[in-house]
Structures are given as structure tokens and as C-alpha cells.
Amino acid sequence: VDERKSISELFEALIAEPARRVVSPPTRALVVLDALDECKTEHRSRLVESLARWGHHSTCNWLGFVLSSRPEDYIPPRLAGFEPTKLEAGSEHNLADVRTFLTRELGPLVIEHDLGAAVELMTQRSEGLFVFLKLILADLRRQTSSDRKLSLSDLENGDLLLPSSLSDVYVTYFERLKTALGDDKRYKAMLNVIVAVREPLTIVQLGNLLGLSRAQLIQSVQKAQNLLHVGQDETVTLLHK
């Protein structure tokens with residue numbers, strides 16, 4: 001892709017023109033553009049304008065777009081004619097989805113007579129955020145066994161005490177990483193390096209910087225697997241959630 005081309009030119013070259021050349025289009029196809037708000041300001045504005053023009057003038061009715069974004073001011077006015085749906089984490093519709101999801105996922109983990117109360121507890125703590133639920137459920141599965149289900153008291157005041165918010169979840173993960181590394185200076189050095197480097201370092205490179213063996217560093221990273229990711233090439237990066 002020629003980086004000198006504008007967003008409008010790229011949209012035309014990569015999406016609009018190829019779509020117009022399709023001889024036997026499918027009944028329906030969708031292009032998903034996620035996290036539009038994370039584009040650079042000038043790029044996202046031009047992309048929204050290209051999409052708006054496409055929606056009003058394109059004859060390729062078989063091709064649609066699904067966009068997700070935070071509700072920034074620059075998006076609704078340009079796309080208002082398409083009746084965008086605003087998703088509210090705390091809406092009753094979303095919370096109903098949360099309860100349905102939790103009832104299914106907690107069923108194998110929580111004793112039956114506490115399931116309803118556990119669902120309500122986690123729904124309240126999640127504030128409608130599925131990323132919170134995903135992280136907590138992953139933790140519960142790792143810390144429980146198939147021969148013993150959890151009770152409500154386990155979740156409220158036991159060793160598996162639920163974090164009260166998404167921020168608390170990440171605080172817990174950072175604390176686990178710090179404990180696993182066994183040294184505050186090493187913990188800070190590791191995070192500083194991961195954030196600052198131009199390209200991800202490998203397990204071996206990071207271990208050399210921190211004075212840890214490959215096995216020791218892998219063990220530490222596994223304690224924070226919802227924060228750090230080790231790729232197939234053994235590079236270590238921060239996960240974006």
C-alpha cells in the first residue's frame with residue numbers, strides 16, 4: 001500500500017473499486033471496522049466521510065459496513081442518517097445479555113443453589129463490561145477444579161474474592177507479576193523495557209536484561225498471561241484489552 005495516498009484514495013482503491021468489479025456478488029457481505037476512534041484524528045474524519053459517501057451513492061447494495069467506536073462527537077453527525085446504534089454497558093438490554101452469558105459460563109463452576117446470586121454479583125461488579133467477565137472467568141477456571149464447585153461465599157469473601165472493578169482486575173494482575181518476579185526493581189525494569197522498546201524483545205533477551213533464565217521468565221510471564229503475551233517467536237508484548 002502506498003503510504004502517500006490519502007484515506008479517500010485508499011478506500012477507493014482497496015474497497016470501492018474492487019467491489020464495483022465483482023460480477024456475481026454474494027447476497028450479503030460485511031466489512032467490519034473496529035475501534036474507529038483509535039485512528040489518527042485526520043484519518044478517521046476522512047474515513048467517516050468516505051463511508052458516508054459510499055452509503056449514500058454506492059450501487060453495491062450487497063456490501064455493508066459495521067463500525068465500532070467510542071461515541072466521539074466527530075462520528076454521529078456524519079453518520080446520523082444511517083441510524084447508528086449506541087451501545088450502553090449499563091442498559092437493561094446489555095445487562096440481560098450479561099446475565100445470560102454468566103448463567104451459561106458459571107453453570108459448571110458454581111454450585112446450583114448459589115448460581116443465581118453469583119450471576120447477580122458478577123453482573124453488578126462487571127458494570128456491563130464483557131472484558132471484565134472474560135478476565136474473571138479465565139481466573140476462576142484456572143483456580144478451580146472439576147470436583148469442587150464454588151459457593152457464593154467463595155466469591156464474596158474467600159480466596160477467590162472478586163475484584164470490584166475492571167481497574168482492580170488489572171491491579172491484581174500487575175501485583176501477581178511483581179510477586180512472580182520477586183523484586184520491585186526487576187518488576188519496574190521489565191515494564192519499562194516492554195513499553196519503551198521499538199520492537200518486542202524475546203524471552204531470552206528480556207531474561208538477559210533482568211538476570212533471569214528463560215525458564216524463570218516464562219514462569220513469571222505465565223502469572224500475568226492476561227497482561228503479557230508471548231508470541232510464537234517468543235517475543236513478549238503487552239496485551240491490549
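Leaving aside neighbours within four places in sequence, which residues is Val 66 in contact with? In this predicted model, the residues in contact with Val 66 under that condition are Leu 30, Val 31, Val 32 and Leu 33.

- Computed along the chain, Val 66 and Thr 41 are separated by 25 residues, while in space the C-alpha atoms of the two lie 20 Å apart.

**Helix packing**
- Two packed helices are described by the angle between their axes together with the distance between those axes.
- For helix α8 (residues 166-181) and helix α9 (residues 184-196), the axes come within 8 Å and cross at roughly 120 degrees, and α8 is therefore oblique to α9.
- The crossing in which α8 passes α9 is right-handed.
- On the α8 side this contact is made by Phe 174, Leu 177, Lys 178 and Leu 181, and on the α9 side by Asp 184, Arg 186, Tyr 187, Met 190 and Leu 191; by class, the residues of the contact comprise six nonpolar and three charged, with no polar ones.
- Helix α4 (residues 92-106) packs with helix α6 (residues 130-143) at an angle of about 10 degrees, and the axes of the two are 12 Å apart; because angles under 35 degrees count as roughly parallel, α4 is described as roughly parallel to α6.
- From α4, the residues Asn 94, Asp 97, Val 98, Phe 101, Leu 102, Glu 105 and Leu 106 meet Phe 130, Leu 133, Leu 137, Leu 140 and Arg 141 of α6, and the residues of this contact divide into eight nonpolar, one polar and three charged.

- Thr 235 lies in strand β5, residues 235-238, and counts as buried because its relative accessibility is 14%, where the limit for buried is under 20%.
- The side chain of Thr 235 is joined to that of Asp 233 by a polar contact of 2.8 Å, and, once neighbours within four places in sequence are left aside, Thr 235 is in contact with Pro 200, Leu 201, Thr 202, His 229 and Val 230.
- Asp 154 is part of helix α7, residues 152-157, and with a relative accessibility of 16% Asp 154 also counts as buried.
- A polar contact of 3.0 Å links the side chain of Asp 154 with the side chain of Arg 148.

- Most residues other than glycine have a negative phi.
- Ala 35, although not a glycine, has a positive phi of about 55 degrees, and Ala 35 is placed in the loop between β1 (29-33) and α2 (41-57).
- Glu 127, likewise a residue other than glycine, has a positive phi near 55 degrees; Glu 127 sits in the loop between α5 (115-126) and α6, and its relative accessibility of 54% is the reason why Glu 127 counts as exposed.

Key:
Residues numbered from 1 in each chain as written. Predicted model: local features only at pLDDT ≥ 70, side-chain atom pairs only at ≥ 80, totals over all residues. Heavy atoms only, no water. Helix = DSSP H or I, 4+ residues; strand = E, 2+ residues; numbered from the N terminus. Buried < 20%, exposed > 50% of the residue type's maximum accessible area, 1.4 Å probe, protein only. Polar contact = N/O pair within 3.5 Å; in protein donor to acceptor, adjacent residues only side chain to side chain. Contact = heavy atoms within 4.5 Å. Axes fitted to C-alpha atoms, helices over the stretch in contact; angles between N-to-C directions. Parallel < 35°, antiparallel > 145°, perpendicular 65-115°, else oblique. Left-handed = near helix turned anticlockwise from the far one by under 90°. Nonpolar A, V, L, I, M, F, W, Y, C, P; charged D, E, K, R; others polar.
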